[in-house]
Amino acid sequence: MRAAVALLAGALSCSIALGQDKPAAGKLDFVEGDSIIESQGAQPRIASTGEEIYPSDTITTFAAAEVHVTMADGAHLSLRENTKVTITEYVADGGDQDRSILDLAKGTLRSITGWIGKYRREGYQIRTPQVTIGVRGTDHEPTYLPPGDPRGEPGTYDKVNEGTAVMQSQYGTIEVPPNRAAHFSPEKREAPRLLASVPAFFKPARNEQRFVARAREGVRTLDQQREARRQFVQQHPHQQPQRQPQQQRQPQSQPQQQRQQLRQERLEKKAAQPAQQRSAARAQRLQERKAERQQRLEKKAGERPRERLETRRRLEKKE
């Protein structure tokens, strides 16, 4: 019972903070590695656990990063490394206008749907530059590999763990059943197709067990969460929860701004660099450090005989 109450409070906390813009769409439940959040009209900021996200926000993860998001409708998202997703539209009032539209620009996310996926399936979409993915009460992993990605053939993929997903393109539509994966290639100009086996790049993230456990716990109280949200909206028809204005944030000093800008530039440069180049650069740095250490050792070894000779001469001179 306490767990259910905590989940209800958490869901409402994503939506009740008052301000001037839009209700919060969710909250970052877990952050590991380097990630940023981009909001309209504001400077990009480093993602941190407990931070709220809003419609139109974009979350980008970099190499070895992982971000878990608890959405206001009880859904859970897990963003894998090198992923970029925008919360394009989001309403979670428990009514007929609820909708969740996410745009996946690159990478992989795992989505365990909330009450929008359960009661408003037509309002749930995950879009890539090529297809639109809908669900029927689903745990699935949409993926978009742009051209040049070393993990596999370019295009949109979706792996379904539970429920059913629907992948729709301009050339046709396909349903993806549990434990299967589908792929759409724009170059082939044909409908998405089911794959004979799940691609090898679909691998659990480092904190996958934590993510699944928290999501499963939340799914058990979806109806209570939705009803609590509906009652709040009915009782406060003219007090819609809004986004806290960016102006309320503590202004950063110039050195802090410069450090954050430099870190942002390093992260963007690191993300843009291919994996093979990063590996080669790392190997080169290690080789350079090894050579420098060897030079220091040789220099030190060469100095010792001279030191002993000078010491002997000083002693002979004193005698």
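I'll start with helix α4, residues 222-235: it has 14 residues and reaches 20 Å from its first C-alpha to its last, close to the 20 Å expected at 1.5 Å a residue. Keep in mind that this is a predicted model.

Which residues of α4 are buried? They are Leu222, Gln225, Arg226, Arg229, Phe232 and Val233. Those residues cover an arc of only 125° around the axis, so they sit on the same side of α4. In general, an α-helix has 3.6 residues a turn, so residues three or four places apart point the same way. Gln234 and Gln235, on the other side of α4, are exposed.

Now the protein as a whole. There are 6 helices and 15 strands. The protein has 319 residues, and buried ones make up 41% of them. Of the contacts with a separation of 6 or more, 57% are between residues 24 or more positions apart. The accessible surface is about 18,200 Å², with 47% of that belonging to carbon and sulfur atoms.

Next, the cores. The largest nonpolar core has 27 residues, and the ones that touch the most other members are Leu28, Ile53, Val69, Met71, Leu79 and Tyr90. Which elements give two or more residues to this core? On the strand side, they are β1 (26-32), β6 (66-71), β7 (76-79), β8 (84-91), β9 (99-112), β10 (124-127) and β11 (132-145); the helix α2 (115-119) also belongs to that list.

Setting aside neighbours within four places in sequence, leucine 79 is in contact with Ile59, Thr61, Ala65, Glu66, Val67, Val69, Val85, Thr108 and Leu109.

Last, the aromatics. The structure holds 3 aromatic pairs. One of them is tyrosine 157 with phenylalanine 201, edge-to-face, at 5.0 Å centre to centre and 85° between the planes. Where in the chain do these two lie? Tyrosine 157 is in strand β12 (residues 155-169), while phenylalanine 201 is in the loop between β15 (193-194) and α3 (208-219); they are 44 residues apart, and the pair links distant parts of the chain. Both tyrosine 157 and phenylalanine 201 are buried.

Phenylalanine 201 also pairs with phenylalanine 202: the ring centres are 4.8 Å apart and the planes are at 35°, so that pair is tilted. Phenylalanine 202 is buried, as is phenylalanine 201. Tyr157, Phe201 and Phe202 form one aromatic cluster.

Technical notes: Residues numbered from 1 in each chain as written. Predicted model: local features only at pLDDT ≥ 70, side-chain atom pairs only at ≥ 80, totals over all residues. Heavy atoms only, no water. Helix = DSSP H or I, 4+ residues; strand = E, 2+ residues; numbered from the N terminus. Expected span 1.5 Å × (residues − 1). Buried < 20%, exposed > 50% of the residue type's maximum accessible area, 1.4 Å probe, protein only. Arc of directions from axis to C-beta. Core = buried A, V, L, I, M, F, W, Y, C linked by side-chain atoms within 4.5 Å. Contact = heavy atoms within 4.5 Å. Areas by Shrake-Rupley, 256 points an atom, 1.4 Å probe, with all protein chains shown as cover. Phe/Tyr/Trp six-rings, centres within 6.5 Å; stacked < 30°, edge-to-face > 60°.
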